[in-house]
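Let's take a friendly walk through this protein, a few side chains and helices at a time. Have the structure open as you read.

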Amino acid sequence: MGLVVQKYGGSSVADAEGIKRVAKRIVDAKKNGHQVVVVVSAMGDTTDELIDLAGQVSPIPAGREFDMLLTAGERISMALLAMAIKNLGHEAQSFTGSQAGVITDSVHNKARIIDVTPGRIRTALDEGNIAIVAGFQGVSQDKKDITTLGRGGSDTTAVALAAALEAEVCEIYTDVDGVFTADPRVVTKARKIDWISFEDMLELASSGSKVLLHRCVEYARRYNIPIHVRSSFSGLQGTWVSNEPQGDNKVEQAIISGVAHDTSEAKITVVGVPDKPGEAATIFRAIADNQINIDMVVQNVSAASTGLTDISFTLPKTEGRKAIDALEKTKSTIGFESLRYDDQIAKISLVGAGMKTNPGVTAGFFEALSDAGVNIELISTSEIRISVVTRADEVTEAVRAVHTAFGLDSESDEAVVYGGTGR
């Protein structure tokens, strides 16, 4: 049997009972002949509690020390999990991200992995041990400082280790039974997907699906590492994410894979921009220089009488203040009239590779939103995705309407959510 990398989210190791349950699952994999590497998140809401604590001490904590604080959560859970495994009669060694050879750049709080050199992990496996690695963290290549990888960091750690160790599969354990056609917390009749391509999963992840994060899926696609998303609370088969169908899933992919939504974004509109070459470049250079990621971008047709246009774009709410400050500094250069900020929006996306060859998907999407009385503010498309921005208070009704309109509702039991976070 080959090497397996397993990742367990915070809800799976939220307490002592959860840690013992996870330890038994890991030991079972070892007994089945696998070499096992485990990546673990912080227990429950530990990371959020540490963030709150930092905020009470300092309104703007220094990035280096903030990372040092946040990595404590994963170190606690990895050590407890190693103890639980040893209590079951198997040897386990725990490693921090730096000890595991996760090398990153120097951007604190959202570092990117540059390389993985898992020499100590290989040694532990060769000695017959189970290796437990703290997710979400690494060490910077130049300064050797502790860094954290940002949202979804533990998933990315797991896939990066799977690639470096040439694992057969990376198993992502969470508190739902796999990837669903919509968030089961919003659409109770959402269906579990047995297999989904990297391409469709990337679009769902970038559109707000929280089971897997975009960086994790992109890393897996680059190194062709199959991902198996499943629940640590049940023994059911989950969802395979790969280039080709796995196991019994040798069927053609559905036209529509799912509906995703995201309420974590805000919208900025730059009003009264002179419609001439270079203005948009100046706007988005200011955003890029502040390390801010943007999502949807729409430019209106300029008014003939004034020669001015409006440019709107979406970005994470957490970056809103920084973006406004950056743009204000360019006002005299660009000469725009004003800035508008709106954080009461939601993005709804319909994803499916089949829409490339099936006319009528776009019309059906907009008809479903219209029938639900949902107004559209922005539209963005790719070959396999249609996204719209609506009011945040309309998102639940909109997602359910689109899900039903495309025949995605399950006819059997409702989706089970074992925990409370989806991670």
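Predicted model: local features only at pLDDT ≥ 70, side-chain atom pairs only at ≥ 80, totals over all residues.

D342 is buried, because its relative accessible area of 18% is under the 20% cut-off. R391, at 27%, is partly exposed.

Within it, E377 and K267 meet in a salt bridge of 3.0 Å, N to O. E377 lies in the loop between helix 11 and strand 19, and K267 in strand 14, so this pair ties together parts that are 110 residues apart in sequence. K267 is buried at 13% relative accessibility, while E377 is partly exposed at 27%.

## Another salt bridge

The count comes to 20 salt bridges. One of them brings together the side chains of K192 and D194, at 3.2 Å from N to O. Here K192 is partly exposed at 27%, and D194 is partly exposed at 42%.

## Two helices side by side

How do helix 5 and helix 7 pack? Their axes are 8 Å apart, at an angle of about 10°, so helix 5 is roughly parallel to helix 7. Residues in contact include V159 and A163 of helix 5, and Y219 and Y223 of helix 7.

I76 belongs to helix 3 and is partly exposed, at 45% relative accessibility.

Terms used. Residues numbered from 1 in each chain as written. Heavy atoms only, no water. Helix = DSSP H or I, 4+ residues; strand = E, 2+ residues; numbered from the N terminus. Buried < 20%, exposed > 50% of the residue type's maximum accessible area, 1.4 Å probe, protein only. Axes fitted to C-alpha atoms, helices over the stretch in contact; angles between N-to-C directions. Parallel < 35°, antiparallel > 145°, perpendicular 65-115°, else oblique. Contact = heavy atoms within 4.5 Å. Salt bridge = Lys/Arg side-chain N within 4 Å of Asp/Glu carboxyl O.
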